[in-house]
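The sequence and the structure come first, and the notes follow.

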Amino acid sequence: SGVSPSCREKLLPRECDLIHHFAFPRKTGKLLFEKARHCKNKILIVSDSYYPRDIVVKILCDCGYGEYSSLIIPAEHNIPDSADTGFLDIVIKKSEQNADNILHIGGDLSRDVEAPIRKGMKALLLQPVLPLMVRSGRLRGYIEEEHLYDIDEPQFMALRCSLALYAAYGFDAPQN
């Protein structure tokens, strides 16, 4: 990226402030969380975030997810991204349950559905919003086709943010 290490260190606090400011809960995920909390189930949250733990905790609390049993951040356990089931061993241990008594919910088919099933858990896919938006119409496809090679350029930052908000608010659940 051409950003020096010292500049990167200065930018990280600003990025943390922004991610904290703009984070919001998905309605479907929030409903599942509230149902689990209402049933007095143990709730473990796994975050693949590279942000510091205190930022992740602030985001969770501000989004209404403060009443969880444990927060697992695989990076803190030196589990590489390529280890698709490594974090699940920690989930099983911290849950103090047999794998077949755990429901794992997430948005990645491989890591959040297939990997837990291979470990003996039940799994539920919380559909990522981007594929729902892409399948729903032609707007995003048109924009990406027109700007295939330059969509990642700085002048399209506002457009990418608009598409992300459109996806998150308009396609949280297939019914929308």
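In which helix is the place of Ser 95? Ser 95 belongs to helix H4, which covers residues 86-95. The model discussed here is a predicted one.

**Ser 95 and its surroundings**

Ser 95 counts as buried because its relative accessibility is 5%, and buried means under 20%. Its side chain takes part in polar contacts with the backbone. The side chain of Ser 95 reaches the backbone oxygen of Ile 92 at 2.9 Å. A polar atom of the Ser 95 side chain also lies 3.2 Å from the backbone nitrogen of Gln 97. When residues up to four places away in sequence are not counted, Ser 95 touches Lys 42, Leu 44 and Ile 102.

**Positive phi angles**

Most residues other than glycine have a negative phi. Glu 96 has a phi near 60 degrees, a positive value in a residue other than glycine. Glu 96 sits in the loop between H4 and E3. With a relative accessible area of 64%, Glu 96 is exposed.

Lys 40 likewise has a positive phi, near 60 degrees, and is not a glycine. Its place is in the loop between H2 and E1, and Lys 40 is exposed at a relative accessible area of 75%.

At 46% relative accessibility, Asn 41 counts as partly exposed. Asn 41 and Ser 69 are 28 residues apart in sequence, and their C-alpha atoms are 9.1 Å apart in space.

**The buried side of helix H3**

Which residues of helix H3 are buried? In H3, which spans residues 53-62, they are Ile 55, Val 56, Ile 59 and Leu 60. These residues lie on the same side of H3, because they cover an arc of only 135 degrees around the axis. Helix H1 (5-22), strand E1 (44-46) and strand E2 (70-72) are among the elements that cover the buried residues of H3.

**A nonpolar patch on the surface**

Leu 32, Leu 103, Ile 105 and Leu 124 form a nonpolar patch on the surface. Together they have about 300 Å² of accessible area. Leu 32 is located in helix H2, residues 27-38, and Ile 105 lies in strand E3, residues 103-106. Leu 32 is partly exposed, with a relative accessible area of 30%. Ile 105 is partly exposed as well, and its relative accessible area is 36%.

Not counting residues up to four places away in sequence, Ile 105 touches Leu 32, Leu 124 and Leu 126. Two of these contacts, Leu 32 and Leu 124, are also members of the patch. Ile 105 and Lys 35 are 70 residues apart along the chain, and 13 Å separates their C-alpha atoms.

**Accessibility in brief**

The table gathers the relative accessible areas of residues discussed above.

| Residue | Relative accessible area | Class |
|---|---|---|
| Ser 95 | 5% | buried |
| Leu 32 | 30% | partly exposed |
| Ile 105 | 36% | partly exposed |
| Asn 41 | 46% | partly exposed |
| Glu 96 | 64% | exposed |
| Lys 40 | 75% | exposed |

Terms used
Residues are numbered from 1 along each chain as its sequence is written. This is a predicted model: local features need pLDDT of at least 70, side-chain atom pairs count only at pLDDT 80 or more; totals for chains, interfaces and linings use all residues. Side-chain values use heavy atoms; hydrogens and water are left out. Patches are made of residues with over 30% relative accessible area and no salt bridge: like charges are joined within 9 Å, nonpolar side chains (Val, Leu, Ile, Met, Phe, Trp, Tyr) within 5 Å. Accessible areas come from the Shrake-Rupley method with a 1.4 Å probe; for residues, only the protein chains shown count as cover. A salt bridge is a side-chain nitrogen of Lys or Arg within 4 Å of a carboxyl oxygen of Asp or Glu. Helices (H or I, at least four residues) and strands (E, at least two) are DSSP runs, numbered from the N terminus. Buried means under 20% relative accessible area, exposed over 50%, partly exposed in between (1.4 Å probe, protein chains only). The arc is that of the directions from the helix axis to the C-beta atoms. Contact means heavy atoms within 4.5 Å. A polar contact is a pair of N or O atoms within 3.5 Å; within protein, one must be able to donate a hydrogen and the other to accept it, and residues adjacent in sequence count only if both atoms are side-chain atoms.
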